[in-house]
Amino acid sequence: MLKIENLHVKLEDENREILKGLSLTVKPGEVHAIMGPNGSGKSTLSYVLAGREGYEVTEGSVTYNGEDMLALEPHQRAAKGLFLAFQYPIEIPGVQTMQFLKVAINAQRKARGEKELSIPEFMRFVKERAAKLNISQDMLKRPVNVGFSGGEKKRAEILQMAVLEPSLCVLDETDSGLDIDALKVVSDGVNALRSPERAMIVITHYQRLLEHIVPDFVHVLSGGRIVKSGGKELALELEANGYADYAEKAA
Amino acid sequence: MTTALAKTSAEEALGISLPHRRMEEWRWTDLRARLAKPYAPIESAAKASDIDRLLSTSPFAKLVRHRVVFVNGKFDAGRSKLVGPDFSATVASRHTVEDPLIAMNTSLKPDGVTLRFAGQTAELVEIVHVAVATVQAMAIRNRIEVADGASASVIETFVGEGDYVVNAVTEISVGKGAKLDRLKIEREAAVATHLSHVIYDLGENAKLNDITLTNGSTLNRQNGTCNFHGQYAEAKISGAYLLKGKQHADTALVINHAVPHCVSRELFKIVLDENARGIFQGKVVVARDAQKTDGKQSSHALLLSEYAEFDAKPELEIYADDVVCGHGATAGDINHDHMFYLKSRGIPEAEAKSLLIAAFVGEVFDLVADEAAQAALVEIAAEWLVKT
């Protein structure tokens, strides 16, 4: 499904390489956790997958269902099924959340040659999913993420994910800024979306999130590449020993 | 010492002197250079079919029952329809503001109407100005009076085809405890020049909500003078520009806080594409006795091209010592983080950009009280964006 091979990435305006030969293969239905210390390249990986400007791929490839993903614009990647849940969701004043969701879902359907949803169909579709995530009608009427608390922003990201039904979800530090109750709501929302067709990459600094979203594989990212892979028990090991061992290896 | 400037062809034809760039408030708008043709106050006959077609392009054509129609600067009784407010088809000027545009308007012998509102008028009244002309100058002077305790909602719409200059002076009086919602839509012909001056006189506890959309003409200069005559009045004067090509629009507003406890709010959202230029000059004068004045002014420009230019000149003249006054001006291009977020959700570049521009000017449209009128503005913006 997703195949990242020997990916090297540097910042466009600095001569600093951040990813230094990262390889990762994700198959449908799998949940991969990527853990690593600050500055290891976790967020860069998520932005490069989503196609944010400012990064330059100097070597390697990313293919998604056999297609060169790096050649696509961000909106095309989304229409192909990629979804990035942002660590810091962006506030967009003046654009109502409901309108944003409608434009997004219909743009994706159009790109895939599907029929656009009618307004009643769309409303029903969103309301069902919003209710499960404790998202009120009032929140849906407000501008995208504007004035939302940290927890509300993360729930809104998961709602977008539930509405857009991607085939590959990348969750970038979804647990940051969440208290234990909010973490549970968000994790339940994510778990409800697990399916044999849908893959997930869960990027996190802490093992805490992985108690709720239990991964099939855990990878340690350090110094811009994956230095160790294992099962979910690897996360516990990291929790006990920290990242110190791996930081040395990378250096 | 002043040196007399040689008369331009327009000045000769109009028999007046136009403001020149050595005047501080005209430094960005060179009317003498821009009015390069001998625009004369002659009357030209417009074809009925052209007039009716243009009338139907007003975004409020289907929305309003009450309509005052002007054709090439002349009141058109046949096309007007007004059953509500006290109405007279006469020019009734009562202001004392000195200004070159008003002087020009006077010398052009304007036609105009006076609308008097008593009681609560919920229905929209539209004054439509249609121009179909060639190298013509036209002047209009309307007066809107809202009696003490009354309320009204008035739209002034300008549409046209051809090459002409419109000079429109509007005098507004809002009585004690009265309320006026006014909306102005400037969609003149592409090569036309639109000049205007609006004078607002507000009584005690009066409420004014005034919104202007500037979208047409190649050259636009809109002056405004707002005078508070009684305490506890509130004036909200806002505007949106949607400009491209070589369009030039310059708004110069003066708010005179002469009495205590009044509130003024100015909000201008300016969208400029290609080589367009937008200017906002806002002056707030707070007299020594006007304590507890609350005045805020902000102008924000969204520059869609590196050739677009925005100039802002806020001026505060405060003689009282217990006031809250502030101003702010910003200019920037589309926010890249916003764009990436929208695109990451599958929204293509052009659509994402439209969404963000609409949201930017939407802050001004949100101030329009009448929902149908607000929807009409949103539609104008959407249509403009499609062509951009």
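Reader: Hi! What should I know before I look around?

Author: It is a predicted model, where local features need pLDDT of at least 70, side-chain atom pairs count only at pLDDT 80 or more, and totals for chains, interfaces and linings use all residues. Residues are numbered from 1 along each chain as its sequence is written, while chains are lettered from A and ligands numbered from 1 in the order in which they are written.

Reader: Thanks! How many helices and strands does chain B have?

Author: Chain B has seven helices and 17 strands. These are DSSP runs numbered from the N terminus, with at least four residues (H or I) for a helix and at least two (E) for a strand.

Reader: And how much of chain B is buried?

Author: Buried residues are 51% of its 388 residues. Buried means that 20 or more other C-beta atoms lie within 10 Å of the residue's own; exposed means 12 or fewer, and partly exposed is in between, with C-beta atoms placed from the backbone.

Reader: Over to chain A. In what order do the strands of the open sheet come?

Author: The order is S2-S1-S4-S5 in chain A, with antiparallel pairing. Strands pair if DSSP finds at least two bridges between them. Strand S2 (17-26) and strand S5 (67-68) of chain A are the edges, each pairing on one side only.

Reader: Which helix packs on that sheet?

Author: That is helix H1 (residues 42-50) of chain A, which touches strand S1 (2-11), S2 and S4 of chain A. Touching, or contact, here means C-beta atoms, placed from the backbone, within 7 Å.

Reader: What about S4 and S5, how many bridges join them?

Author: Two bridges join strand S4 (residues 55-64) of chain A to S5(A). A:Tyr64 has A:Glu67 in S5(A) as its bridge partner.

Reader: New topic: why does A:Lys228 count as partly exposed?

Author: Because A:Lys228 has 16 C-beta neighbours inside 10 Å. A:Lys228 sits in strand S12 (residues 225-230) of chain A.

Reader: Which residues does A:Lys228 touch?

Author: Leaving out residues up to four places away in sequence, A:Lys228 touches A:Val220, A:Leu234 and A:Tyr246. The C-alpha atoms of A:Lys228 and A:Tyr246 are 8.4 Å apart, although the two are 18 residues apart along the chain.

Reader: Last one: how many residues does each chain bring to the contact?

Author: Chain A brings 20 residues and chain B brings 16 residues. On the chain A side, H3(A) gives the most, with five residues.

Key:
Two residues are in contact if their C-beta atoms, placed from the backbone, lie within 7 Å. Axes are lines fitted to C-alpha atoms, for helices over the stretch in contact, and angles run from 0 to 180 degrees between N-to-C directions.
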